[in-house]
Amino acid sequence: MLSLCPLRLCGESFFAPEPPMPTVAEIAAALEKFAPPQTAADWDNVGLLLGDPAEPVERLMTCLTVTPDVAEEAVAERVNLIVSHHPILFRGAKQLTAGRGDGRVVLPLARAGVAVYSPHTAFDNCPGGVNDTLCRRLGVRDAVPLRPREGPREYKLAVYVPDRDLVKVSDALFGAGAGIIGKYEQCSFRVPGKGTFFGTDETNPSVGQKGRREEVDEWRLEVVLPEAKVAAAVRAMRQAHSYEEPAFDIYQLKAGLSGGEGRVGELAAPVPLGELARAAKAALAAAGVQVVGDLSQPVRRLAVACGAAGEFLSDSIRSRADVFVTGELRFHDALTARTAGIGVIVPGHYATERPAVEELAAKLAADWPGLTAWASRRERDPLGVV
């Protein structure tokens, strides 16, 4: 059935088709582009965890965690897709029964046809993700990864081809996944030169004759490619090349940096630790904050790591940060911070991650006209302050 919506032009009313609603798969693909699953922690469980990818999505809800309250809200509000920061079924479940454990969440959603997607640690550290949201709300400028990540291992393949093979071999390499630099495809470098060879009696050269030294006009064709595609690219090159024994080189490139975890940057001007703690409480709508350090000490360089990220304290000290902002910190880590002279602000796990979840709902609504999206209205921080 065609759905129509009224429009008005030059004082006249008529009907036009509504834009098609995205499917679960289309929104999942957009989320994977925004926060690539391969950047998530090895122990994590990210991606589409429940539901039918082909189902259309008209109503979407984001949340930090799918609790029974959140699941009840999703069913009552006829939600098609939940984007939950924390995964459902985070660890393998051997039993799903009504009213117990994970079954209290998963079974009602499954019965109502509600899909669930979780980006978790990929969302924590992607550009515009949770840690970047923290930095923006705290006024941190020029933030860079607190714990940089080495990029994927890449190689350069250089092959020598006669002019007649240049296009054929290039196309074969590009088709095998070589020649991608950032968002550009089919990248290569080509240098003309002279090649020589002497074919023995056992050879059958496609250019010149065996038994004498030949000189051939050739191109040095260079492409870069990831480690996983080296073997396929070499096979494709050999199949496209007219030479019996193509000459080629493969070089391992020095790995560059590709994003990373946490963030570290600077405030526009130094402020006392106590003042920054109060500003963080307001900016993150936290019920309260815990602080390590002298409240009067001036701070300018901030390290941030959302959620349960006390392990990044050592990275913060190494980066010479004046203060470390995180969601959770163990007692003995607090003592370590005090001894090292670094301030710590702990607004809570919920407060450091919920703002980004709210902003994600607004982003998805803006990206998909006609989609109704909101952050869960029932979700609350499980830790209260008396």
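Which residues in α2 meet which residues in α3? In this predicted model, Pro 68, Ala 71, Ala 74 and Val 75 of α2 meet Arg 104, Val 105, Pro 108, Leu 109 and Ala 112 of α3, where contact means heavy atoms within 4.5 Å. By class, this contact has eight nonpolar residues, one charged and no polar. Here Ala, Val, Leu, Ile, Met, Phe, Trp, Tyr, Cys and Pro count as nonpolar, Asp, Glu, Lys and Arg as charged, and the others, Gly among them, as polar.

Residues are numbered from 1 along each chain as its sequence is written. Local features need pLDDT of at least 70, side-chain atom pairs count only at pLDDT 80 or more, totals for chains, interfaces and linings use all residues, and side-chain values use heavy atoms, without hydrogens and water.

Helix α2 spans residues 68-76 and helix α3 residues 103-112. Their axes lie 9 Å apart, at an angle of about 10°. The two are therefore roughly parallel (angles under 35 degrees).

Now the rings. The whole structure holds one aromatic pair (ring centres within 6.5 Å). The centres of Phe 34 and Phe 123 are 5.9 Å apart and their planes meet at 55°, so the pair is tilted; under 30 degrees would be stacked, over 60 edge-to-face. Phe 34 sits in helix α1 (residues 24-34) and Phe 123 in helix α4 (residues 120-125), 89 residues apart. Phe 123 is buried, at 3% relative accessible area (buried is under 20%, with a 1.4 Å probe and protein chains only).

Phe 34 also has Lys 363 over its face, 5.2 Å from the ring centre. Arg 147 lies over the face of Phe 312, at 4.1 Å. Such a charge has NZ of Lys or CZ of Arg within 6 Å of the ring centre and within 35 degrees of the ring normal.

Technical notes:
Phe/Tyr/Trp six-rings, centres within 6.5 Å; stacked < 30°, edge-to-face > 60°. Helix = DSSP H or I, 4+ residues; strand = E, 2+ residues; numbered from the N terminus. Buried < 20%, exposed > 50% of the residue type's maximum accessible area, 1.4 Å probe, protein only. Axes fitted to C-alpha atoms, helices over the stretch in contact; angles between N-to-C directions. Parallel < 35°, antiparallel > 145°, perpendicular 65-115°, else oblique.
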